[in-house]
Amino acid sequence: MVVAASPATKMALQEWSVWYGAIQALKSVSLDIRSQEILGVIGPANSGKTSFLRSLNRMNDINPAFRADGRVTLDGKDLYEDFDGQQVRRRIGIVFALPLPLPLSIRENVTYGPRMRGERNASRLEELTERSLRAASLWDEVKDRLDVPAMKLSGGQQQRLCIARTLAMEPEVVLFDEPCSGLDPISTAKVEETMVELKSQYTLVLVTNNTKQAARVSDRVAFFLMGELIELDLTDVLFTTPRDQRTNDYITGRFG
């Protein structure tokens, strides 16, 4: 009998709790994030989704009120003890809710990060530009106008440019924080298609208030409520036969 290999764990949280001053945002969360999967994260406002996401690439480091207990690991190493913040953010990129292209050309937006990291080889930068734009499903739309200001792109194109800019840093994990919240349905569909294609090379975590989006693109979904992880399961299972009544109430629109 052939036994299927278990999916490799890329990141993991073990009894992870987060406070901002006296306010506790996450309460003893334990979960794994598997290599080359899209983990969807859903829940109402103030459920802990953003604190969870910021814990994964140490964005909370800049908040003096932040403190935490427990452990977060990347490839089995402690994210907060075995790496410095800069190392973490090179390996774990993030795409925010609102596209924020730099006031530069399309090309310069993509190469900005590698240049800041010290990359000066022109052919290497060109290769990174094309590869990143292709991965973000934007290359065919902009390949003949790479020196046009990025601000001239549509909102959906700007968001995909921000994805390309993140990918140009060659991360291993990409976090998405409500990446389609301000986009029209057509642009949303393109971003979702891009995320599904990226899964073959990256580990993705998608925080979204759109449960239908989580159902469309996620391999597994985690439901958070009041700082607690209520349920984590395969997407089809969680959306059809959730174990917890609170999960069912949320996904059927009874609250949130």
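Student: Which backbone oxygen does the side chain of Lys49 reach?

Tutor: The model is a predicted one, so the distances given here are computed from its coordinates. Lys49 has its place in helix α1, and among the residues it contacts beyond four places in sequence are Val41, Ile42 and Gly43. At 3.2 Å, its side chain reaches the backbone oxygen of Pro44.

Student: Is Lys49 buried or exposed?

Tutor: The contacts of Lys49 also include Val207, Thr208 and Asn209. The C-alpha atom of Glu228, 179 residues away along the chain, is separated from that of Lys49 by 9.7 Å. Buried means under 20% relative accessible area. With a relative accessible area of 7%, Lys49 is therefore buried.

Student: On which strands does helix α1 pack, and in what order do the strands of the sheet stand?

Tutor: The sheet is open, with 4 strands in antiparallel pairing. Strands β2 and β5 are at its edges, each with a single partner, so one side of each has no neighbour in the sheet. Helix α1 packs on this sheet by touching β1, β2 and β4, and its direction makes about 60° with that of β2. The order of the strands is β2-β1-β4-β5.

Student: Which residue of β5 stands opposite Thr73?

Tutor: Strand β4 covers residues 66-74, and β5 covers residues 77-78. The two run antiparallel and are joined by 2 bridges. Opposite Thr73 stands Asp78.

Student: How many of the 13 residues of α6 are buried?

Tutor: Among the buried residues of α6 are Gly156, Arg160, Leu161, Ile163 and Leu167. The elements that cover them include β6, α3, α4, α5, β7 and α7. Helix α6 is largely enclosed by the rest of the structure, because its buried residues number 11 of 13.

Student: To which backbone nitrogen does the side chain of Ser132 reach?

Tutor: Ser132 lies in helix α4 and, at 2% relative accessibility, counts as buried. Beyond four places in sequence, Ser132 touches Val110, Ala164, Leu167 and Ala168. Of these, Val110 is one of the buried residues of α3, while Ala164 and Leu167 are buried residues of α6. At 3.4 Å, the side chain of Ser132 reaches the backbone nitrogen of Ala168.

Student: Which residue just after α3 takes a positive phi?

Tutor: Helix α3 has buried residues including Ile106, Asn109 and Pro114. Their cover includes α4, α5 and α6. Just after this helix, a positive phi of about 110° is taken by Gly118.

Student: How many disulfides does a search of the whole structure find?

Tutor: A disulfide is a covalent bond between the sulfur atoms of two cysteines. The cut-off for such a pair of sulfur atoms is within 2.5 Å. A search of the whole structure finds a total of 0.

Student: How far from Cys162 is the nearest cysteine sulfur?

Tutor: Cys162 counts as buried at 7% relative accessibility, and Cys180 counts as buried at 10%. Cys162 is in no disulfide, and Cys180 is likewise in none. The nearest cysteine sulfur to that of Cys162 belongs to Cys180, at a distance of 12 Å.

How values were computed: Residues numbered from 1 in each chain as written. Predicted model: local features only at pLDDT ≥ 70, side-chain atom pairs only at ≥ 80, totals over all residues. Heavy atoms only, no water. Buried < 20%, exposed > 50% of the residue type's maximum accessible area, 1.4 Å probe, protein only. Contact = heavy atoms within 4.5 Å. Polar contact = N/O pair within 3.5 Å; in protein donor to acceptor, adjacent residues only side chain to side chain. Pairing = 2+ DSSP bridges. Axes fitted to C-alpha atoms, helices over the stretch in contact; angles between N-to-C directions.
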